[in-house]
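Hi,

Here is the structure I said I would pass on.

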Amino acid sequence: MKKTIYLYPFLLLLLSYLSSCSNTATVSTAPAKASSWPRGVTYEIFVQSFCDSDGNGIGDIKGMTSKLDYLQDLGVEGIWLMPMNPSPSYHKYDVTDYYGIHPDYGTMEDFKEFIRQAHSRNIKVVMDMVLNHSGVDHPWFQEAMKDKNSPYRDYYVWAHQNDPQTKEEGKIIAGDSDNVNRWHKVQGSDYLYYGYFYGGMPDLNFDNAALKEEVFKIGRYWLKEVGVDGFRLDAARHIFPDDRPEDNHQWWVEFKKEMQKVKPDVYLVGEVWAPADVVAPYTKGLPALFNFEMSWAILDALNSGKGNSLAIKHAGIMDFYKKENPEFIDATILSNHDQNRIMSEVNGDEKKAKMAAALLFTLPGSPYIYYGEEIGMSGKKPDELIREPFLWDVKEKDQCRATWITPTFSTEAVVAPATVQAQQENSMLNHYKTFIRLRNNSNALTYGELKPVQLNNPEISAFERIHQHESLLVLHNLSGAEITLALPVNLQDYRIARFQHNGAALARSKVLLPAYSSLILQR
């Protein structure tokens with residue numbers, strides 16, 4: 001009997017080794033749900049590509065409503081909708097009516113019903129608010145362009161064609177635009193208007209008090225009359241020109257204050273493409289911001305096979321943010337509608353894409369999923385090709401697939417539709433479900449502090465997540481080779497295998513980590 005007890009851990013290690021080729025995951029316990037939005041998982045949707053309910057080829061609001069059960073089953077607690085306002089473009093970022101719904105997507109009543117249905121499933125709804133600029137076809141700009149004395153003239157930024165600033169190229173300071181031609185001509189006029197992104201999107205002038213009040217009115221309308229839970233603020237770094245960052249910071253403080261008068265718990269998440277030291281001051285007015293810097297670090301780690309610096313990197317970023325706002329919500333991502341999809345960035349390697357998800361859901365932050373990531377959709381710029389239609393079912397059965405564009409990357413030849421993946425134990429979809437459930441059911445993974453751990457092995461991303469009475473040790477092997485290691489003495493009290501993926505196992509104080517595997521241990 002004594003001999004059997006002695007050998008048991010090594011038999012366990014051997015059995016784990018023999019099963020290491022499996023992609024299955026084992027969770028030792030199923031605790032009660034811990035996460036609560038906005039600290040939960042949010043799902044970004046490009047409405048046009050998500051689900052087409054009426055067969056006209058364009059995704060719409062009713063289609064989204066029909067897929068809320070899918071999102072609930074995935075473990076999502078919030079939805080971010082890309083722009084839905086009337087606009088002449090497919091992407092809808094050149095708004096022509098801040099109070100309307102694009103007719104291709106449906107009606108305002110459709111949207112209110114979508115919100116009601118989402119809320120009934122405890123899913124919050126965040127809509128894209130495009131405030132840096134309007135579209136050139138917006139009535140404000142049309143009036144401003146025709147009449148220098150129009151009250152809307154000062155809603156935009158103008159300069160005479162002889163003004164030296166109109167002759168200069170704009171500086172590229174962020175990853176959100178490569179446009180250097182910021183001043184744009186109006187036929188028959190000696191004046192040019194400023195447009196950071198391009199001529200079809202004239203920048204709004206936030207030095208104008210009347211415009212600011214109009215923007216507050218727009219925000220109040222969507223929160224109070226329509227019922228959205230908050231806004232994703234596009235181009236938050238560019239409200240004022242690049243040389244006025246303090247004015248940008250103060251504007252968002254003012255905007256938050258006005259929105260909280262209507263909805264005290266309003267959720268605001270901003271887009272600021274920059275390193276942490278530049279992003280940090282925005283947290284005063286934008287309590288959540290996308291962590292682009294961490295998404296770049298995760299990608300670098302995946303493609304180099306070296307993850308030992310990831311937790312250190314994240315801890316450093318959080319130090320910047322918490323000095324400005326201790327209650328900051330870290331909106332973590334792998335990719336979004338402006339970036340090449342993560343599957344393409346890892347050259348179609350499913351093992352790396354799965355590891356990306358494992359990192360996203362175990363590192364700190366409130367993760368965002370870009371629609372289709374959970375089924376392994378791929379795509380590289382231009383933008384249309386990273387916004388291709390979602391694949392719900394095999395083509396002959398798919399009543400929901402949008403057809404507004406013929407996909408180049410995400411076709412059935414390379415991506416199994418969601419319905420198919422739901423039946424496959426080791427699919428990307430079930431991998432996402434497993435890790436989201438793991439995160440949602442763990443206080444430590446949802447709210448816990450991060451303690452980087454160094455194991456003298458660059459291929460392993462190791463860190464502790466600690467919250468109140470729950471302490472977890474997270475180990476990810478980012479390499480294509482198996483690694484066996486002995487836990488340091490100070491970590492040997494992590495004796496319970498809370499989660500095992502890809503054959504990872506613990507035997508006494510030794511850990512077996514097959515290629516691209518994850519192991520979570522609990523004290």
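This is a predicted model: local features need pLDDT of at least 70, side-chain atom pairs count only at pLDDT 80 or more; totals for chains, interfaces and linings use all residues.

**Helix 5 and helix 7**

Two packed helices are described by the angle between their axes and the distance between the axes. For helix 5 (residues 108-120) and helix 7 (residues 209-226), the angle is about 65 degrees and the axes are 11 Å apart. That makes helix 5 roughly perpendicular to helix 7, since the class runs from 65 to 115 degrees. On the helix 5 side, the contact uses Met-108, Phe-111, Lys-112 and Ile-115, and on the helix 7 side Tyr-221, Trp-222, Glu-225 and Val-226. Sorted by class, that contact has six nonpolar residues, two charged ones and no polar ones.

Helix 5 itself has 13 residues and spans 18 Å from its first C-alpha to its last, close to the 18 Å expected at 1.5 Å a residue. Its buried residues are Met-108, Asp-110, Phe-111, Phe-114, Ile-115 and Ala-118. They cover an arc of only 155 degrees around the axis, so they sit on the same side of helix 5. As background, an α-helix has 3.6 residues a turn, so residues three or four places apart point the same way. What do the buried residues of helix 5 pack against? Helix 7 is one partner, along with helix 3 (61-66), helix 4 (68-74), strand 3 (78-81) and strand 4 (124-129).

**Helix 10 and helix 11**

Helix 10 (residues 292-304) packs with helix 11 (residues 310-324) at about 170 degrees, with the axes 10 Å apart. Angles over 145 degrees count as roughly antiparallel, so this pair falls in that class. Glu-293, Met-294, Ala-297, Ile-298 and Ala-301 of helix 10 meet Leu-310, Lys-313, His-314 and Ile-317 of helix 11. By class, that contact has six nonpolar, one polar and two charged residues.

The 15 residues of helix 11 should span 21 Å at 1.5 Å a residue, and the 22 Å between its end C-alpha atoms agrees with that. Leu-310, Ala-311, His-314, Ile-317, Met-318 and Tyr-321 are buried in helix 11. Their arc around the axis is only 125 degrees, which puts them on the same side of helix 11. The elements covering them include helix 10, helix 13 (350-362) and strand 14 (460-467).

In the loop between helix 10 and helix 11 you will find Ser-309, which is partly exposed at a relative accessible area of 43%. The C-alpha atoms of Ser-309 and Pro-458 are separated by 7.9 Å, although the two residues are 149 apart along the chain.

Most residues other than glycine have a negative phi, and most peptide bonds are trans. Here are the exceptions I noted.

- Asn-122 has a positive phi of about 60 degrees although it is not a glycine. Asn-122 lies in the loop between helix 5 and strand 4 and is exposed, at 61% relative accessibility.
- Tyr-516 has a positive phi of about 50 degrees, again without being a glycine. Its loop runs between strand 19 (510-513) and strand 20 (518-522), and Tyr-516 is buried, with a relative accessible area of 10%.
- The peptide bond from Trp-37 to Pro-38 is cis, with omega near 15 degrees. Pro-38 is in the loop between strand 1 (25-27) and strand 2 (42-45).
- The peptide bond from Lys-381 to Pro-382 is cis too, with omega near 15 degrees.

Cheers

Methods
Residues are numbered from 1 along each chain as its sequence is written. Side-chain values use heavy atoms; hydrogens and water are left out. Axes are lines fitted to C-alpha atoms, for helices over the stretch in contact, and angles run from 0 to 180 degrees between N-to-C directions. Helices (H or I, at least four residues) and strands (E, at least two) are DSSP runs, numbered from the N terminus. Angles under 35 degrees count as roughly parallel, over 145 as roughly antiparallel, 65 to 115 as roughly perpendicular and the rest as oblique. Contact means heavy atoms within 4.5 Å. Ala, Val, Leu, Ile, Met, Phe, Trp, Tyr, Cys and Pro count as nonpolar, Asp, Glu, Lys and Arg as charged, and the others, Gly among them, as polar. The expected span of a helix is 1.5 Å times one less than its number of residues. Buried means under 20% relative accessible area, exposed over 50%, partly exposed in between (1.4 Å probe, protein chains only). The arc is that of the directions from the helix axis to the C-beta atoms.
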